[in-house]
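Grab a pencil and work through a few exercises on the model shown here. Try each task before reading its solution.

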Amino acid sequence: MTEENFVAETTFPIRYAETDAMGIVHHASYIVYFEEGRSAYTRERGRSYAAMEEDGYYLAVTGVQARYKQSMRYGQNVTVRCWIDE
């Protein structure tokens, strides 16, 4: 797989603390999921994010865009896919 089309994927359960009183994932929790996707990407490429920081490299988040298509709930699994677009 080339660098251009490499997609990292990670799946994990939604925790109760990430939901609102109705058991639906709070919109702010998605940012945490994006971060887990970024960490999974670096691990799957053979390097941890912590090791990158030790070498003086940081991946600054300069913007976030999300479109919520449907609700997720406590107890479900969420799958995050991460890739480099540009």
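Predicted model: local features only at pLDDT ≥ 70, side-chain atom pairs only at ≥ 80, totals over all residues.

Residues are numbered from 1 along each chain as its sequence is written, and side-chain values use heavy atoms, with hydrogens and water left out.

**Exercise 1.** Work out the order of helices and strands along the chain.

Solution. Start with the inventory: two helices and two strands (DSSP runs, H or I of at least four residues for helices, E of at least two for strands, numbered from the N terminus). Then read along the sequence, and you get β-α-α-β.

**Exercise 2.** Describe the chain's dimensions, burial and contacts.

Solution. Begin with the C-alpha trace, which spans about 40 × 25 × 25 Å along its principal axes. Next, burial: 30% of the 86 residues count as buried (under 20% relative accessible area; exposed is over 50%, partly exposed in between, with a 1.4 Å probe and protein chains only). Last, take contacts (heavy atoms within 4.5 Å) between residues at least 6 apart in sequence: 73% of them join residues at least 24 apart.

**Exercise 3.** Is arginine 38 buried or exposed, and what does it touch?

Solution. First locate arginine 38: it sits in helix α1, residues 29–44. Now check its relative accessibility, which is 18%, so arginine 38 counts as buried. Finally, skip neighbours within four places in sequence; arginine 38 then contacts Tyr49, Leu59, Ala60, Val61 and Cys82.
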